[in-house]
Amino acid sequence: MFITGRRKEVLDDAVAEIGGSVTAVRADSANLADLDELYRAVAERGRGLDVVVANSGGGSFAPFGEITEEQFDTTFATNVKAALRSTGCR
């Protein structure tokens, strides 16, 4: 099993709690270079993946009409691009 997340400390805690043969890879799912590192780690194992759970998400709140381009881009990258990229789509 592979798990990912942006915060190494949280990943370390999850590995300790899950135990077994879990591999943690620090990655921001909205960052293509981070996902490349995840794909490399999976490829090194040599068996691919059977299931992908794309569970990243989030955003910021602002009144309609006051949402900045940066807020939109960040939210879209996290909630849409990340889900597509996590399944190998580029």
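F64, I67, F72, F76, V80 and L84 make a nonpolar surface patch of about 650 Å². The model is predicted.

**Surface patch**
- V80, one of the patch residues, is found in helix α3, which spans residues 69-86.
- V80 counts as partly exposed because its relative accessibility is 32%, and partly exposed lies between the 20% limit for buried and the 50% limit for exposed.
- F72 is also among the patch residues; its relative accessible area is 47%, so F72 is partly exposed.
- F76, another member of the patch, has a relative accessible area of 37% and is therefore partly exposed.

**Aromatic pair**
- The structure holds 1 aromatic pair.
- The ring centres of F72 and F76 are 5.9 Å apart and the ring planes are at 20°, so the pair is stacked; planes under 30 degrees apart count as stacked.

**Nonpolar core**
- The largest nonpolar core has 6 residues in all: F2, V25, L35, L38, A41 and V42.
- Helix α2 (residues 32-45) supplies the largest share of this core, with 4 residues.
- F2, a member of this core, touches T23, V25, L38, A41, V42, R45 and L49, leaving aside residues up to four places away in sequence.
- Among the residues that F2 touches are V25, L38, A41 and V42, which also belong to the core.

How values were computed: Residues are numbered from 1 along each chain as its sequence is written. This is a predicted model: local features need pLDDT of at least 70, side-chain atom pairs count only at pLDDT 80 or more; totals for chains, interfaces and linings use all residues. Side-chain values use heavy atoms; hydrogens and water are left out. Patches are made of residues with over 30% relative accessible area and no salt bridge: like charges are joined within 9 Å, nonpolar side chains (Val, Leu, Ile, Met, Phe, Trp, Tyr) within 5 Å. Accessible areas come from the Shrake-Rupley method with a 1.4 Å probe; for residues, only the protein chains shown count as cover. A salt bridge is a side-chain nitrogen of Lys or Arg within 4 Å of a carboxyl oxygen of Asp or Glu. Helices (H or I, at least four residues) and strands (E, at least two) are DSSP runs, numbered from the N terminus. Buried means under 20% relative accessible area, exposed over 50%, partly exposed in between (1.4 Å probe, protein chains only). A nonpolar core is a set of buried Ala, Val, Leu, Ile, Met, Phe, Trp, Tyr and Cys residues joined through side-chain atoms within 4.5 Å. Contact means heavy atoms within 4.5 Å. Rings of Phe, Tyr and Trp (its six-membered ring) pair if their centres lie within 6.5 Å; planes under 30 degrees apart count as stacked, over 60 as edge-to-face and the rest as tilted.
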